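Welcome! Please have a look at the sequence and the structure before reading on.

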Amino acid sequence: MTPHPPLSPTGPDHAPGPDPALDRAVWRAWLAIEPPETFRAEIVEGRIEMWRIGTPPAHARTANRLRDRLASHLGEGPWAAYMAMHVIGGHQAWAPDVFVAPDELAGHVGRDGAGVEASAVALVAEVVAPGRDGRGRDRRRKRRAYARAGIAVYVIIDDYEGHGTVSVLTGPVAGEARYASEVRVPYGTAVTVPGGPAKGFTIDESITGALRGTS
């Protein structure tokens, strides 16, 4: 397992400077959205993004495997693995594929009763979505957003990088919108969460499947 330097948070889709009035307006618009049953709406870096869930089916299968194994690893303790719920940071609203937060969520409810406060979330995980915009959201925009929110661990399972990779990012530097450390491995190589409630949890090919496209 070789550490890789974190990607720069700069670039053409880097979030602009804060505009509290715009953030509030986008938040109100997001609250009013009633997406179709098969879609999910988020606020990522100040803009509303909507995408179809469960496409392709392999995406949902990987997320389900990850959530089930995380739940088993956490056991009956004070932490739980969640799906299909928003994580709220300020006026931002993210819908990670899987996240770890307290089993008892009283006192951790997000703004306007929406989802869970990011300050209570110990780990987020994304199975990279297909398409250029989906890949950009999970690899770059959410990476910056989760770092800004101070979420300690970000796991990225990426079918579309090489023959499949898993990245475990730790050490959020909120003011610079980046993670200080990243370990990235190919599918078929186990990688372990180094700290927090999920410490010792291993992501391997039982979750991701084998290395892709090498036969």
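## A threonine and its partner

With which side chain does the side chain of Thr 165 make a polar contact? The partner is the side chain of Glu 161, at 2.5 Å. A polar contact here is a pair of N or O atoms within 3.5 Å; within protein, one must be able to donate a hydrogen and the other to accept it, and residues adjacent in sequence count only if both atoms are side-chain atoms.

Thr 165 belongs to strand S11, residues 165–173; helices (H or I, at least four residues) and strands (E, at least two) are DSSP runs, numbered from the N terminus. Thr 165 counts as buried because its relative accessibility is 10%; buried means under 20% relative accessible area, exposed over 50%, partly exposed in between (1.4 Å probe, protein chains only). Apart from neighbours within four places in sequence, Thr 165 is in contact (heavy atoms within 4.5 Å) with residues including Ile 156, Asp 158, Arg 184 and Tyr 187.

Residues are numbered from 1 along each chain as its sequence is written, and side-chain values use heavy atoms, with hydrogens and water left out.

The protein chain averages a pLDDT (the predictor's confidence in each residue, from 0 to 100) of 90, and 91% of the residues score at least 70. Over residues 1–14 the pLDDT is below 50, although this stretch has 30 contacts in the model beyond near neighbours in sequence. Where pLDDT is low, the predicted coordinates should not be read in detail.

## A buried arginine

Helix H3 (residues 132–148) holds Arg 143. This arginine is buried because its relative accessible area is 7%. Arg 143 and Leu 169 are 26 residues apart in sequence, and their C-alpha atoms are 8.9 Å apart in space.

## Two loop residues with positive phi

Glu 45 sits in the loop between strand S2 (39–44) and strand S3 (47–52). Its phi is near 50°, a positive value in a residue other than glycine. With 13% relative accessibility, Glu 45 counts as buried.

Asp 112 is found in the loop between strand S7 (98–102) and strand S8 (116–117). Phi of Asp 112 is also positive, near 55°. Asp 112 is exposed, its relative accessible area being 57%.

Technical notes. Predicted model: local features only at pLDDT ≥ 70, side-chain atom pairs only at ≥ 80, totals over all residues.
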